[in-house]
Amino acid sequence: MHRRARSQEAKLQRTEDLLAAARTLAAERGGVRHVTLAAVTEAAGLHPSAVRRYFDSKEELLLELAERGWRQWRETLLARVSGAHDLTPEQTASAVAQTLAAQPLFCDLLTHVPLSLEGEVAIDRARRFKAASFGAYDDIVEALAKAGALTPAQARDLVTAAVGITANLWQVSHPTATLARLYAENPRWEHAALDFEPRLTRLLRAMARGLAR
């Protein structure tokens, strides 16, 4: 029994090592699209063949990070609005935008989840992700509705828009080397592309005002 417990503890630690390595590589390489399973296993100090004991694919590993991102966003946002009952629509939108922007890896993953991650894993893993993400979504909507001027339906629209806008704006504001060269040549394009948090905040504040009316 003691040996099995120790083995399980080691497995959990290696799982965390792989996830930590993926986070670091995504930050160093300019996004999760540049992360490979081989690089993750090397950074975690594991043999390439050993990774299959923990994750079946890169998609499953990144989906785990996305699931944790949803939970972290929920915890951060709920702590931000806890005890509030009179937030204006603009204040509510700012809280959503700022807590999203504080999680750059999650912002990046929001693009990849529907494009490739959740559709490329086993159905049980996809089901678990859906349950966790929708659970976090529901908790966020409920907290926002209690904290201010938005109804639950309006809060749902705001959170749905926030996720979609974030997925797009994050990629636009973190360009490839080719696009970075173009922006250097044309500052107008750069100014339109690279203001992620300010633009996300403006858009969500405008939407929240419209919803509340």
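Guide: This predicted model is divided into domain 1, residues 1–55, and domain 2, residues 59–212. Taken over C-alpha atoms, the centres of domain 1 and domain 2 are 26 Å apart. Twelve residues from domain 1 take part in the contact, along with 14 residues from domain 2.

Now the area. Domain 1 and domain 2 bury about 1100 Å² between them. Carbon and sulfur atoms give 69% of that area. On the side of domain 1, look for V32, R33 and F55. These residues supply 52% of the area that domain 1 buries against domain 2.

Next, the charged and polar pairs. There is one salt bridge between domain 1 and domain 2. Find the side chains of R68 and E16: they meet in a salt bridge, at 2.8 Å from N to O. Three residue pairs are in polar contact across the interface of domain 1 and domain 2, with both residues of each pair at pLDDT 80 or more.

Stay with domain 1 and turn to its helices. Helix 1 (2–29) and helix 2 (37–44) are the elements that give two or more residues to the side touching domain 2. Helix 1 gives the most, with six residues.

Last, sort that side of domain 1 by class. Eight residues are nonpolar, one is polar and three are charged.

Definitions and conventions
Residues numbered from 1 in each chain as written. Predicted model: local features only at pLDDT ≥ 70, side-chain atom pairs only at ≥ 80, totals over all residues. Heavy atoms only, no water. Domains from an automatic or database assignment. Contact = heavy atoms within 4.5 Å. Buried area = accessible area lost by both parts, 1.4 Å probe. Salt bridge = Lys/Arg side-chain N within 4 Å of Asp/Glu carboxyl O. Polar contact = N/O pair within 3.5 Å; in protein donor to acceptor, adjacent residues only side chain to side chain. Helix = DSSP H or I, 4+ residues; strand = E, 2+ residues; numbered from the N terminus. Nonpolar A, V, L, I, M, F, W, Y, C, P; charged D, E, K, R; others polar.
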